[in-house]
Amino acid sequence: MARGAVVERLRNVEEGVQQGWMFARRPIGSGSLTVRQRVEGLPFVGETALGLHFEDPRGRLGVRYGAAEWTDASGG
């Protein structure tokens, strides 16, 4: 999904859905890059070392939005 200078990619992997972004070129500016992702649907119930957890109020369905992993253009 193209989103301006950024392309968002969704892939099905064994652990679930993997979400990623590719920047066509280095973002303008210097210092830290902040990426904010809005999540809608299930209510937030807490955070663990595995990520952010969302759960159906009836407790029958849950989703974990895992901790981010960043890779630069050199693969590092």
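Modeller: The account below begins with the pocket and then turns to individual residues.

The model is predicted, so local features are reported only at pLDDT of at least 70 and side-chain atom pairs only at pLDDT 80 or more, whereas totals for chains, interfaces and linings use all residues. Residues are numbered from 1 along each chain as its sequence is written, and side-chain values use heavy atoms, with hydrogens and water left out.

The largest pocket has a volume of about 1800 Å³. On a 1 Å grid over the protein atoms alone, a pocket is an open set of points where a 1.4 Å probe fits, with protein on both sides within 12 Å along at least five of seven lines. Grid points are joined across faces, edges and corners, and the volume is the space filled by probe spheres set on the points. Lining residues, which have an atom within 4 Å of a point, number 39 for the largest pocket, and Gln19, Gly20, Trp21, Glu69 and Trp70 lie nearest its centre. The elements that give two or more residues to this lining are β2 (6–13), β3 (16–23), β4 (44–48), β5 (51–55) and β6 (62–66). Strands here are DSSP runs of E with at least two residues, numbered from the N terminus. The greatest contribution to the lining is that of β3, with 8 residues. By class, the lining comprises 18 nonpolar, 13 polar and 8 charged residues; Ala, Val, Leu, Ile, Met, Phe, Trp, Tyr, Cys and Pro count as nonpolar, Asp, Glu, Lys and Arg as charged, and the others, Gly among them, as polar.

Of the residues nearest the pocket centre, Gln19 belongs to strand β3. Gln19 is partly exposed because its relative accessibility is 25%, given that buried means under 20% relative accessible area, exposed over 50%, and partly exposed in between (1.4 Å probe, protein chains only). Leaving aside residues up to four places away in sequence, Gln19 touches Glu8, Arg9, Leu10, Gln37 and Tyr65, contact meaning heavy atoms within 4.5 Å. The side chains of Gln19 and Glu8 are joined by a polar contact of 2.5 Å; such a contact is a pair of N or O atoms within 3.5 Å, where within protein one must be able to donate a hydrogen and the other to accept it, and residues adjacent in sequence count only if both atoms are side-chain atoms. Glu8 itself lies in strand β2 and is buried, at 8% relative accessibility. Gln19 and Ala68 are 49 residues apart along the chain, with their C-alpha atoms separated by 9.5 Å.

Glu69, also among the residues nearest the pocket centre, is found in the segment after β6. Its relative accessible area is 70%, so Glu69 is exposed.

The whole structure holds 1 aromatic pair. The ring centres of Phe44 and Phe54 are 5.7 Å apart and the planes stand at 65 degrees, so the pair is edge-to-face. Rings of Phe, Tyr and Trp (its six-membered ring) pair if their centres lie within 6.5 Å, with planes under 30 degrees apart counted as stacked, over 60 as edge-to-face and the rest as tilted. Phe44 in strand β4 is 10 residues from Phe54 in strand β5. Phe44 is partly exposed at 48% relative accessibility, whereas Phe54 is buried at 11%.

Technical notes. Helix = DSSP H or I, 4+ residues; strand = E, 2+ residues; numbered from the N terminus.
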